[in-house]
Amino acid sequence: MIKIIDGKKIAEEIKRELEKDILALAKKGVIPSLAVILVGEDNASLVYVKNKERVAKEIGINYRIIKLGDKISQEELEKVIEKLNQDKNIHGFLVQLPLPAHLDSQNILSKIDPAKDVDCFHPENVGRIFAGNPRFLPCTPAGIIELLKRNKIEIVGKKVVIIGRSNIVGKPLALMLLAENATVTICHSKTKDLKAETLQADILVSAVGKAGLIIADMVKKGATVIDVGMNRDNKNKLTGDVDFEEVSKIAGAITPVPGGVGPMTVVMLMRNVMIAVNN
Ligand code: NAD
């Protein structure tokens, strides 16, 4: 029988664990603090930022939002970052992406103090994942690995196929699964025969952003299917990359959208804030 991997339930479990750690810290007089820099008024970003605020407040993390106009210059934004780097009351912070086109995101991310870089996008922190000595783990890949482990889905020696090679999901996830002793293949928009690759997968991860990309005949019987995609259909309903109904008949385990990977990302951010407290 198909197992539905319930990200919402596991995210709740992790929140309760974090709450306990936060209470223990509070007894020592420390309240973990997270700041988020939001440039402009991108609608999706506003939703993500609100969600982070809700979860932070729910578990007892101090939350500060710094809203900046979309015309801000690179230098001005760097100054805001430097202020947060120096601020003893902020343990971790992030710059909500995407930034307006006139700003150089890579350069901005590299200005964040790596010890406060709770999104784990600073080149030093990315390099540490590569070297097998991570300080933080990037939130979405960390959430995926947590989903697999807490559902007792074996990773060691398994063939994992990841579709998507972004810096946020595909690439770091590949390195992290390699560290967990999986055999990893990364596919992307130029992959010649996607189906031939996906059919090899014991664990198939789709992080593309194309509804209906993964159909039943691309999935090996009994495979675990992790759907990272977040797409809106013509009724504005959230859907993943995977044809959930049909693939459910073939797969052994599957994440729904919504309620799979999504809820995990934000709790993994909160876990990084707890790591930042000790940095
Ligand atoms: P992206 O948008 O930067 O890149 C998409 C990737 O898909 C690229 O590497 C591209 O090569 C690949 N691709 C495009 N078309 C393809 C095709 N036809 N076949 C194979 N590969 C193809 O990636 P991203 O930022 O990782 O986002 C991917 C999806 O995951 C989006 O829907 C995004 O909204 C979602 N996402 C969800 C979460 C979450 O918390 N649930 C977090 C991050 C991203």
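This is a predicted model: local features need pLDDT of at least 70, side-chain atom pairs count only at pLDDT 80 or more; totals for chains, interfaces and linings use all residues.
Select Val 47, Tyr 48 and Met 230, which make a nonpolar surface patch of about 290 Å². Tyr 48 belongs to helix α2, residues 43-59. Its relative accessible area is 37%, so Tyr 48 counts as partly exposed.

Next, colour the two domains. Domain 1 covers residues 29-114 and domain 2 covers residues 139-262. Between the C-alpha centres of domain 1 and domain 2 the distance is 29 Å.

Now select Asn 125, in helix α5, which spans residues 123-130. Is Asn 125 buried or exposed? Asn 125 is buried, because its relative accessible area is 0%. Show its side chain together with those of Asp 117 and Arg 135. A polar contact of 2.7 Å links the side chain of Asn 125 to that of Asp 117, and a polar contact of 2.7 Å links the side chain of Asn 125 to that of Arg 135. Leaving aside residues up to four places away in sequence, Asn 125 touches Pro 114, Asp 117, Cys 120, Arg 135 and Phe 136.

From that list, move to Cys 120, in the loop between α4 and α5. Cys 120 is buried, because its relative accessibility is 3%. Check its backbone as well: phi of Cys 120 is near 65°, a positive value in a residue other than glycine. Most residues other than glycine have a negative phi.

Asn 236 also has a phi near 65°, again positive in a residue other than glycine. Look for Asn 236 in the loop between β9 (231-232) and β10 (238-239). With a relative accessible area of 51%, Asn 236 is exposed.

Go on to Ile 214, in the loop between β7 (203-206) and β8 (224-227). Ile 214 has a relative accessible area of 0%, so this residue counts as buried. Which residues does Ile 214 touch, not counting those up to four places away in sequence? They are Ile 163, Leu 204, Ser 206, Val 219, Asp 241, Val 242, Asp 243 and Val 247. For a distance to check in the viewer, take Ile 214 and Val 225: they are eleven residues apart in sequence and 9.6 Å apart in space, C-alpha to C-alpha.

The last stops are two peptide bonds. Leu 97 and Pro 98 are joined by a cis peptide bond with omega about 5°; Pro 98 sits in the loop between β4 (92-95) and α4 (105-109). Val 257 and Pro 258 are joined by a cis peptide bond with omega about 0°. Find Pro 258 in the loop between β11 (253-254) and α10 (261-277). Most peptide bonds are trans.

Terms used. Residues are numbered from 1 along each chain as its sequence is written. Side-chain values use heavy atoms; hydrogens and water are left out. Patches are made of residues with over 30% relative accessible area and no salt bridge: like charges are joined within 9 Å, nonpolar side chains (Val, Leu, Ile, Met, Phe, Trp, Tyr) within 5 Å. Accessible areas come from the Shrake-Rupley method with a 1.4 Å probe; for residues, only the protein chains shown count as cover. A salt bridge is a side-chain nitrogen of Lys or Arg within 4 Å of a carboxyl oxygen of Asp or Glu. Helices (H or I, at least four residues) and strands (E, at least two) are DSSP runs, numbered from the N terminus. Buried means under 20% relative accessible area, exposed over 50%, partly exposed in between (1.4 Å probe, protein chains only). A polar contact is a pair of N or O atoms within 3.5 Å; within protein, one must be able to donate a hydrogen and the other to accept it, and residues adjacent in sequence count only if both atoms are side-chain atoms. Contact means heavy atoms within 4.5 Å. Domain bounds come from an automatic or database domain assignment.
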